[in-house]
2 protein chains.
Amino acid sequence: MTASFTAVPTPLEIARQTRRAARTLAVLPPAARDGALMAIADALENQAAAIVAANEADCAAAIADGLSNALYGRLKLDGVKLQGAIAGVRDVAKLPDPIGTVQLHRQLDEGLILKRLTCPLGVLGVIFEARPDAAIQIAALAIKSGNGVILKGGREAARTCTAIVETIHQALATTAVSPEAVQLLTTREETIALLKLDEYIDLIVPRGSNEFVRYIQDNTRIPVLGHADGICHLYVHGAADQDRAIAIAVDAKTQYPSACNAIETLLVDRAIAAEFLPQVGRALQAKGVELRADEAAYPPLQTAGLTNLAIATDEDWSTEYTDLILAIKVVDGPDDAIAHINHYGSGHTDAIVTEDAIVAAQFLAEVDAAGVYHNCSTRFADGFRYGFGAEVGISTAQMPPRGPVGLEGLVTYKYRIVGQGHIAATYSGPDAKPFQHQDLPPHGDTP
Amino acid sequence: MTASFTAVPTPLEIARQTRRAARTLAVLPPAARDGALMAIADALENQAAAIVAANEADCAAAIADGLSNALYGRLKLDGVKLQGAIAGVRDVAKLPDPIGTVQLHRQLDEGLILKRLTCPLGVLGVIFEARPDAAIQIAALAIKSGNGVILKGGREAARTCTAIVETIHQALATTAVSPEAVQLLTTREETIALLKLDEYIDLIVPRGSNEFVRYIQDNTRIPVLGHADGICHLYVHGAADQDRAIAIAVDAKTQYPSACNAIETLLVDRAIAAEFLPQVGRALQAKGVELRADEAAYPPLQTAGLTNLAIATDEDWSTEYTDLILAIKVVDGPDDAIAHINHYGSGHTDAIVTEDAIVAAQFLAEVDAAGVYHNCSTRFADGFRYGFGAEVGISTAQMPPRGPVGLEGLVTYKYRIVGQGHIAATYSGPDAKPFQHQDLPPHGDTP
């Protein structure tokens, strides 16, 4: 709409437009941002038939192109899925405002007041494969957090994404948020251009396969929020409650095997291997899990008569199957298990099952991962389950934000000082006045 | 010492050693880390004469090599400067422990408890030019925060850095911290190798010139904490208290002109330019400041008889002088000033002087920088002045940590969940049990 009678803008021009719109969006009051989200939800509801029709056209083209079943499943956006996405927009509007939170409030000296306040990052670049409902969700999260957003959908979802973004633009035109705050790119060339716009884009959020995320991480200087691999471990210690261990292993592997927080490797203490492995193996195979056992784990599993069984190779320890396959390794106690996890893990989420509090404490302290769990399933690693209300992604980076990231991953902070003509010279040299550094209540009045 | 009878280890081998040592250091209690710092301070005191002698040899070689005066000043480590650095180590030991802070404590469900706890990053890579006292300070900060550290000093400071790190190793050999947690590299080839070790190093902290920091940022995938440019602005609004504005301008430019938080550009509203510029110009020139004025600012300064005066070019708006030079531009009110700052600024620290609360609020909200100040000098942008106790660096990145960064920049966090056999299946599907998401006091008992 915005470019009906003009030349198609370049990614650089789009990024500049978005940045300009984002600066205005950043200082809007929360009610204006939430109102824009409600307008978007209403407009999507009104245009639902047109969006579903656009998606049907994308799906028909995808079938003609021989798209894989998995990708097709993610591309498909029927009325029910769309209604779910619209409800998600309204949920995001109801979340607490992430902007303007006082993180520090300190009197440096009489009349010299420091505050650290959360503020929007600026412009987000969101690159996703297939799933057009991701465009709806991420546009909502961006507006909620006061950020402009450039959406890059897959070519296969171009008709759907265009219909969605046009609807969002129509809705925003009636609100205080400029339609230019939400932009859409659709070609692969534009993705490559986008990754180079580090002057205009503050954070890239990729949504897609491991290879896709790794490609993005390797080809941009812009910070990337997310993770490529999710190689999660469950370690069953010698002093584990074995019934719990079986229930957790089955849940962590089979409850949603393609999730990043599903386990890929089961580590079992040598002392209990002969007793525990046949039981857990039977429970897993009842759910259709193929087992890949190391030399020590193989014999007890074979003796138990399990069939869907192979010998694990070194490659298995660093493979994310995202499928009903589990590697199994026998270890010699906690040190061995922790060393294996810290070497092969991806820093996502790792769990121990044990009734020994000292061993549990060692595991929780020494395993270097965003999530370290004791006596529960790795499947809890999720922003909604943590109570964050929304999930932007799960980060396996060492620096914060780490682990499941909610809206706080889309904001930064600035330090504000308000003085009354204060200068630094007063506080230096032989007659330096000392600072007070007196902390004040976050929302208290400044004296 | 550690490699007396073996081949010189490669940077990769050193990084692996450091990582191993760091894993042990990470789980030591605070008293063990603080005790190690006290042992280092004592040992440095005992070896002071040898360290000063090593520095004299470095300085003599530097003079023979024709090192610049500025670099020589930073290289020189006499007894007084060394005592200051040793006192700094003891100060770091007394800081609150940055590890194990509970940032979130939440009951997800009965018996399923989530905590977010601060923990060390892992291994730091610290690359600094000349200043050997930086090695002492940063080793102390690393040990305090539970991190291993690989120090890379300049070749010109090799003798001094070696004497310092050997002393630190001797001290650590008597403590719970492995000497391998602190390592030293000295050649340029090793720096290049270090920047590629993203598997072993979690954060790079550069200490040196803008060009040096930019080189490092451009040549590593490891996160870099710091900033290249510090292009700070002072905007004097039409409703400014002009005496305050003059005092702040003089302080912000001249109190320490080579500091990154000194101003490079003064923006003055057109409405007061004729009255204000001659006054502020005289005050600045009394301190020896060269003025580079735009077309509108030049005439009133020239008419006032100021001599050390030039016409500013576009290049001036994006130059960090780190010297007694100030660019001056006349602007048409807050929108113009904010647009200039957001275009040319480096996101470090920018200040406004005004008695108009509404304009001040607009400036503080709309300027996109780590520090936004009202009626005070930009020179307050400093970790010690903010009350952080120690300063790791000042970041102009958009993502946190941003602005002056204390010890919190050297830690990350992990999510811990302790359950009692909880599985995710319980909370999904048609009979899904709802989560409680009940926040608990940070240090309260888990129910």
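**Figure 1. Chains A and B as a symmetric pair.** In this predicted model, chain B is superposed on chain A by a rotation of 180° with 0.0 Å of shift along its axis, at an RMSD of 0.0 Å. That is the relation of a two-fold axis. Residues are numbered from 1 along each chain as its sequence is written, while chains are lettered from A and ligands numbered from 1 in the order in which they are written. Because the model is predicted, local features need pLDDT of at least 70 and side-chain atom pairs count only at pLDDT 80 or more, whereas totals for chains, interfaces and linings use all residues.

**Figure 2. The side of chain B that touches chain A.** Here 56 residues of chain B are in contact with 56 residues of chain A; contact means that the C-beta atoms of two residues, placed from the backbone, lie within 7 Å. Elements giving two or more residues to this side of chain B are the strands E1 (102-109), E2 (112-120), E13 (371-376) and E16 (411-422), along with the helices H10 (242-254) and H14. E16(B) provides the largest share, 11 residues. By residue type, this side of chain B divides into 28 nonpolar, 15 polar and 13 charged. In this count Ala, Val, Leu, Ile, Met, Phe, Trp, Tyr, Cys and Pro are nonpolar, Asp, Glu, Lys and Arg are charged, and the others, Gly among them, are polar. The copies meet through the same surface, since 100% of the interface residues of chain B are also interface residues in chain A.

**Figure 3. Chain A and its two domains.** Chain A is divided into domain 1 (11-218) and domain 2 (232-380), with bounds from an automatic or database domain assignment. The centres of the two domains, taken over C-alpha atoms, are 37 Å apart. Along its principal axes, the C-alpha trace of chain A spans about 75 × 75 × 35 Å. Its secondary structure comes to 14 helices and 17 strands; these are DSSP runs numbered from the N terminus, with helices (H or I) of at least four residues and strands (E) of at least two. Of the 447 residues in chain A, 53% are buried. A residue is buried if 20 or more other C-beta atoms lie within 10 Å of its own, exposed if 12 or fewer, and partly exposed in between, with C-beta atoms placed from the backbone.

**Figure 4. Helix H1 of chain A and its neighbours.** At 1.5 Å a residue, the 16 residues of H1 (residues 11-26) should span 22 Å, which agrees with the 21 Å between its end C-alpha atoms. The expected span is 1.5 Å times one less than the number of residues. Buried residues of H1(A) include Ile14(A), Thr18(A), Ala22(A) and Leu25(A). The buried residues of H1(A) pack against E2 (112-120), E3 (123-128), E4 (148-152), E5 (182-185) and H8 (188-195) of chain A, together with H14 (357-366) of chain B.

**Figure 5. Helix H2 of chain B among other helices.** The 17 residues of H2 (residues 30-46) should span 24 Å, and the end C-alpha atoms are 25 Å apart, which agrees. Among its buried residues are Arg33(B), Leu37(B), Ile40(B) and Leu44(B). The buried residues of H2(B) pack against H3 (48-64), H5 (79-94), H6 (133-144) and H7 (158-172) of chain B.

Figure 6. Most residues other than glycine have a negative phi, and most peptide bonds are trans. The peptide bond from Pro400(A) to Pro401(A) is cis, with omega near -5°, and Pro401(A) sits in the loop between E14 (393-395) and E15 (403-405) of chain A. In chain B, the bond from Pro400(B) to Pro401(B) is also cis, with omega near -5°. Ala130(A) has a positive phi, near 50°, in the loop between E3 and H6 (133-144) of chain A; Ala130(A) is buried, with 27 other C-beta atoms within 10 Å. Thr322(B) has a positive phi of about 45° and lies in the loop between E10 (309-311) and E11 (325-331) of chain B. With 16 C-beta neighbours inside 10 Å, Thr322(B) counts as partly exposed.

Key: Copies are superposed by least squares on the C-alpha atoms of residues with pLDDT of at least 70 in both.
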